[in-house]
2 protein chains.
Amino acid sequence: MSKIVAIDVTDIRFPTSTQLDGSDAMNPDPDYSAAYLRVDTSDTGDTGDTGESGYGFVFTIGRGNDVQAGAVRALADRLIGRDVDELLADLGGVWRELVYDSQWRWLGPEKGVAHMAVGAVVNALWDLRAKRAGMPLWQLLASLSPEEIVDLVDFRYLTDALTRAEALEILTVAQAGRAEREATLLAEGYPAYTTTPGWLGYSDEKLERLSKEAVADGFAQIKLKVGGDLADDRRRLRIARDAVGPDIRIAIDANQRWDVAEAIDWVNALAEFDIAWIEEPTSPDDVLAHAAISRGVAPIPVATGEHAANRVMFKQLLQAGGAQVVQIDATRVAGVNENIAILLLAAKFGVRVCPHAGGVGLCEAVQHLSMFDYVAVSGTREDRMIEFVDHLHEHFVDPVRVTGGAFQAPRLPGAGMQMHEASVREYTWGG
Amino acid sequence: MSKIVAIDVTDIRFPTSTQLDGSDAMNPDPDYSAAYLRVDTSDTGDTGDTGESGYGFVFTIGRGNDVQAGAVRALADRLIGRDVDELLADLGGVWRELVYDSQWRWLGPEKGVAHMAVGAVVNALWDLRAKRAGMPLWQLLASLSPEEIVDLVDFRYLTDALTRAEALEILTVAQAGRAEREATLLAEGYPAYTTTPGWLGYSDEKLERLSKEAVADGFAQIKLKVGGDLADDRRRLRIARDAVGPDIRIAIDANQRWDVAEAIDWVNALAEFDIAWIEEPTSPDDVLAHAAISRGVAPIPVATGEHAANRVMFKQLLQAGGAQVVQIDATRVAGVNENIAILLLAAKFGVRVCPHAGGVGLCEAVQHLSMFDYVAVSGTREDRMIEFVDHLHEHFVDPVRVTGGAFQAPRLPGAGMQMHEASVREYTWGG
């Protein structure tokens, strides 16, 4: 029998603020950070030797990463001594056990530090399960039966929009063509877009140069941060549009900067630049505002989700017509299971999913979910792209491979969240 | 000059689960806890002696209180060395500084552990300010001008429902009669209702006995926990209704137990017992579900708010018609300032506010907000009540005085969140 024998949580911070990488209208100086979890198992031979380890993390942008690490540690501690096979055989049950621990749940409920900690633990267990299965996570998930997949999802609070039976139907329909799509994915990868050119702190020259490089690298869409100053946004969009030409899509991202009326006016004032979507126009909690903004800026789509706290928020954004692009995030919600619920909701509503990534390790993690979605849930990559930012990939054991404007499917077993030990040591904060 | 010279944060837990006090359909075994903050100042003479201290806390129900305490500590640390007069003169500015710290904000944003930590810090500063003013918090707030009050509120994300100008108008209208209402409040207090009889873990005999005691004690409303089992709920409601007679109101509280359809069916199946309101029928994040349930159970009002993460959630509940009773909580949102925003929103929409309390110290804290609302915001106590639960008041320096079914107005300077040092020592967890 294999058991969880230890957990280790590290507060890792990269000093990204010195370069203004990641700077936007709400986040002028992020230090990309991770509350990083390692879960150690004894090997299955019960010899006392260390077996496989599973890795998960929560992405933050600096101050407070110690608090997030403390939450991950407090929650992961309860895994120690548990039977690994039992845990991995019922990850739906584990999810419910962690999310519905009533005392812990009070700290959210199902949002913020406490909920993201659940995500790190759940994701580390998925990493373990994928490694034991000898498959990358996307492939493991795509190998499960529709029944096994819905067992991973908790339908509480979802049934007015999506029932278990409806989810099963979506997955059953998608069984046809799984093998073909997996082959296509392995051959072609999954489309990417890039935010690398568009950080608010970059000079006009750097914006222009990086925009041209993005086209040369094969990306069909770039994204610019906006919302600081309208005249600046117009100037920067003109530079970017001139640099990429008329056929490359340009999305914009306000990082929650506006109220409803301002959002509508501002976005419409930028419409001449042919905007692919407006991302996070206002508070991520404001479903009704997203719906009002969607009406006010149509046909420009509204994109949101990287700060949506849980599946209930995504459900409402879809019900209210507040999001025409669903942006899942690998570490904001309670892990793989909750993201599967969100993928199913998006499929039910026929809305495309274009994950949020960047930060540290978010590309490595979230690509598995889009690839699983393509093979086994929505069955399509049409108009879908995973965000790519070319930062910090060198710290990961299985870094993303983005070529020709596409994420190439990971081949190594696991969920993609494991960092090099040397990186962990070097960037341990205060350590 | 007086400075913040030290902060102290304690993880305090009361073993309430042993008595099933506080047990409900989602929280079977809470251990009422507080992540408790003391902020020490040097005296104004700059002699190095210790001056006044301010106290705030976050209420939790056990596991994770250490994480919450860590968050309060991390945030409060930055106050050390700051000039007390400057801080207290601009608590609106302090609120924005803490809430919009971009790195910290990522941990929410504006929700959960990180946001509640802001609340503890802000509330401790209000405690200091009230003590320096020599007034209980409610009276201090009610002595501010309309302009001073709106300066405390951040209107970002609110302007589609409430602008600064509209808030100012509400407060200006309420200036007439402030003195008279303050005198009435000091003479009569503020109405209370009691949840003491209705915990799910109590026996039928205890329910009956406590219901009768509630009537004898002068309460006009009691509340029962429901949502475990419909037959049990019907039996318990019959016992309670028989015990209190037809003229006492009975509210019910499902503590987020249901989905939409189940909520509507369940509540309508209990309608014959003349239900005063249904509280927390479903996920506190689900604005649209609350609106649907409100339509489905009308004319029974829907009450919610104790787990609503911030002012944006309250705004939407009001916009969507999802709450006919707004239940503010003293420690769930970012302190006094954010609760003032919520009181103003409720006044704008003409919806009554009946605070959530109980737990540990929530009655002591939240009464100030309702009393301020009566004197200076809504100007009315009609159909409004503060929740009362008769637990753990003995640990507070200025415990609530509830007589004749009413909270008697606090007279001691401060915000009511200070505990006896002996209690802090005795219930320090693991200490």
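Before anything else, a term: a residue counts as buried under 20% relative accessible area, as exposed over 50%, and as partly exposed in between, with a 1.4 Å probe and protein chains only.

Now the ground rules. This is a predicted model, in which local features need pLDDT of at least 70 and side-chain atom pairs count only at pLDDT 80 or more, while totals for chains, interfaces and linings use all residues. Residues are numbered from 1 along each chain as its sequence is written, chains are lettered from A and ligands numbered from 1 in the order in which they are written, and side-chain values use heavy atoms, with hydrogens and water left out.

I will start with how the two chains are related. Two copies of a chain are related by a rotation about an axis and a shift along it. Here, chain A is superposed on chain B by a rotation of 180° with 0.0 Å of shift along the axis, at an RMSD of 0.0 Å.

The size of an interface is often given as the accessible area lost when the parts come together. Buried area is that loss, found with a 1.4 Å probe and summed over both parts. Between chain A and chain B about 5,100 Å² is buried, and carbon and sulfur atoms give 54% of this. R63(A), Q103(A) and W106(A) supply 19% of the area that chain A buries against chain B, more than any other three residues.

On to specific pairs across the interface. A polar contact is a pair of N or O atoms within 3.5 Å; within protein, one must be able to donate a hydrogen and the other to accept it, and residues adjacent in sequence count only if both atoms are side-chain atoms. Between the chains there are 34 residue pairs in polar contact, both residues at pLDDT 80 or more.

As for secondary structure, helices (H or I, at least four residues) and strands (E, at least two) are DSSP runs, numbered from the N terminus.

Salt bridges come next. The term means a side-chain nitrogen of Lys or Arg within 4 Å of a carboxyl oxygen of Asp or Glu. The count between chain A and chain B is six. One of the pairs I can show is K111(A) with D285(B), whose closest N and O atoms are 2.7 Å apart.

Which side chain of chain A makes a polar contact of 2.8 Å with that of D285(B)? The side chain is that of N310(A). N310(A) lies in the loop between β8 (302–304) and α14 of chain A, and is buried, at 1% relative accessible area. Leaving aside residues up to four places away in sequence, N310(A) touches several residues, among them E110(A) and E338(A).

R96(A), R105(A), E110(A), D154(A), R311(A) and E338(A) are linked in a network of salt bridges. E110(A) is buried at 5% relative accessibility, and R105(A) is buried at 8%.

R96(A) and D154(A) also form a salt bridge, at 3.6 Å, N to O. R96(A) is in helix α3 (residues 91–99) and D154(A) in the loop between α7 (146–151) and α8 (164–173) of chain A, so the pair ties together parts that are 58 residues apart in sequence. R96(A) is partly exposed, with 30% relative accessible area, whereas D154(A) is buried at 10%.

Last, a pair within chain B. D232(B) and R235(B) form a salt bridge with the closest N and O atoms 2.9 Å apart. They are three residues apart in helix α11 (residues 230–244) of chain B, and so are separated by about one helical turn. D232(B) is partly exposed at 33%, as is R235(B) at 37%.

Key:
Buried area = accessible area lost by both parts, 1.4 Å probe. Least-squares fit on C-alpha atoms with pLDDT ≥ 70 in both. Contact = heavy atoms within 4.5 Å.
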